[in-house]
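Keep the sequence and the 3D view open as you read.

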Amino acid sequence: MAELRGVGIGLGVAQGPVARMAEPSPPPSDAPSTQTLDEEKTRVSEAVAAVARELEERGAHAGGAARDVLEAQAMMAEDPSLEAEIDTRLAQGKTSEWAVHDAFASFRDTLTAMGGYLGERAADLDDVAARVIARLRGVPAPGVPDPGYPFILVAKDLAPADTALLDLDKVLALVTTEGGPTSHTAILAREKSIVAVVGVASAKDLADGEMVIVDAAGGLVTTSPTVDELERAQHRADARASAAHAPITPGALADGTLVPLLANLGSPDGAAEAVALGAEGVGLFRTEFLFLSQSTAPTIEQQRVSYEKLLSAFPGKKVVVRVLDAGADKPLPFLNDAHEENPALGLRGLRALRASEDILREQLTALAEADAATRAAGTAADLWVMAPMVSTVEETHYFVDLARSYGVKTAGVMVEVPSSALLADRVLAHADFASIGTNDLTQYTLAADRLLGSVASFQDPWHPAVLRLIREVGAAGRSTGKPVGICGEAAADPLLAVVLVGLGATTLSMAPTALADVRASLLAHTLDDAHRIADAALAADDAASARDAARAAASTQKEAVK
Ligand code: PEP
Ligand code: MG
């Protein structure tokens, strides 16, 4: 038995045999073919047809949006102009592998140059090419394996396209060797309630078929588990399944201290699910979704329709909308066109909006109109508006004053940069509220790009340096009497949620699927416990010891209760 450590997402536990995601194989060489032209042509047409049929079958099995994506991929594979491109290269004496690779690449470049919807399909074309080449080589296709039975998926990291198509009846849990708690995989795992441990570097040695236990609460993968360990894991999984059916109550600690639990949403479409899972409002509405697939900013009217839909899904409830956060991990061609060496430290968030103030003004206009329309219809929410990546007190004044001039009653800022956390009392003297974005606050505190796998281990909000900054903001919230919310991924970690409340957070906002676990965790601790557990974490030297210290403090308190 061995224990491999990583960062657990949520509280789940699962067991099963490993199936590894195949690594992409190296590109083919352009050495001349040793086979005849007819032989190469037959090989290509068989491989292409087999891949197209396989994609169609997978699509029919997956259904819904996935079927459309996979059927479109199958059609791409058999596109006659692509076949002609491949034939041209075969006629030049090239191998099937190289002809497919090169013809698809030139097709991809054409699509990319077209931009827009077609440009976005370029990655799908790469996937089809990789599948055809794998078949020609007689090696497993890249992407999610299908061993024919439920399995624990072990991968370096997952591409968004892979994760979107995961068959949750088959994938019992995810283990990645790379990626931190804010990676795409982690966000998706949380969204879909998949048991996951990410950043387990030593999982690269796990073999196909090997039995493991994946314990997200402990951030552990146990290899060669004993019968006893398997039974205990099963028992915990069963207990958790029944907790998921516990009654939905307002977020509160064991002593009755209320901690409203809010939802992070990326589009109004997620509102109904959030309400069903007990969200008491929205703590972060990311407005980027309206802008990301566009080459120009959406009109005021397009925005108003979307904001109205959101607000009317939460009548009388708090809804915190964040104005556009463009730049760095969310590039937008019409806002950040200049090349920047370090985009995370460049013109992003409020800085980018200030440089294109008309876009900010239009967004505030659309929000004010949506607020007025929902008021008239009797479906109004309590609208709060905040700006991302505010790094100075002056920027706070700028945004809050501008938002108020558009009739926004509650205007606040996100605390995502250490400078704002350290000056939180000055920031909160003017802003109506603060919302801590722990994903960026961690990135900027540890100087570790949140998108870079090589520094993912630094991207851990349990780091005591991050916790100290949060404590500053909590203290400023108390002294100014202003609310301090948390809306980064940290709020979705059930034990860290208790620590955050101990540090002064007054609300927690998270992916709706995390609400049940966090609700249960808060109910197990009083405010005094939360202070004690937070103090234990603050006293640690690093993120791993902070997590261990908090866990020990939480279990000591449970023992004392017994
Ligand atoms: C954050 O940085 O924690 C946050 C909530 O914003 P985003 O993840 O959208 O940058
Ligand atoms: Mg952020």
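**Briefing: contacts, ligand shell and metal site**

The side chains of R361 and E357 make a polar contact at 2.8 Å (a pair of N or O atoms within 3.5 Å; within protein, one must be able to donate a hydrogen and the other to accept it, and residues adjacent in sequence count only if both atoms are side-chain atoms). This is a predicted model, in which local features need pLDDT of at least 70, side-chain atom pairs count only at pLDDT 80 or more, and totals for chains, interfaces and linings use all residues. Residues are numbered from 1 along each chain as its sequence is written, chains are lettered from A and ligands numbered from 1 in the order in which they are written, and side-chain values use heavy atoms, with hydrogens and water left out.

**R361 and helix 14**

- R361 sits in helix 14, residues 357-377 (helices are DSSP runs of H or I with at least four residues, strands are E runs of at least two, and both are numbered from the N terminus).
- R361 is partly exposed, at 32% relative accessible area (buried is under 20%, exposed is over 50%, partly exposed is in between, with a 1.4 Å probe and protein chains only).
- Leaving aside neighbours within four places in sequence, R361 is in contact with L402 and Y406 (contact means heavy atoms within 4.5 Å).
- I300 is 61 residues from R361 in sequence, and their C-alpha atoms are 9.7 Å apart.

**Ligand 1**

- A polar side-chain atom of E416 lies 2.8 Å from an oxygen atom of ligand 1. For a polar side-chain atom of R450, the distance to a ligand oxygen is 2.9 Å.
- T438 uses its backbone: an N or O atom there lies 3.1 Å from an oxygen atom of ligand 1.
- The protein covers 99% of the 290 Å² of accessible area that ligand 1 has on its own (Shrake-Rupley method, 1.4 Å probe; for residues, only the protein chains shown count as cover).

**Magnesium site**

- E416 (OE) and D440 (OD) coordinate the magnesium ion, ligand 2, at 2.0 Å (donors are N, O and S atoms within 2.8 Å of the metal, or 3.2 Å for Na, K and Ca; water is not among the atoms, so sites may look incomplete).
- E416 lies in the loop between strand 13 (410-415) and helix 16 (418-422), and D440 in helix 18, so the pair ties together parts 24 residues apart in sequence.
- E416 is buried, at 2% relative accessibility. D440 is buried too, at 1%.

- D215 is found in strand 7, residues 211-215. D215 is buried, at 13% relative accessible area.
- The side chain of D215 makes a polar contact with the side chain of R236, at 3.0 Å.
- S306 lies in helix 12, residues 300-312. S306 counts as buried, at 8%.
- Not counting residues up to four places away in sequence, S306 touches P268, F289 and L290.
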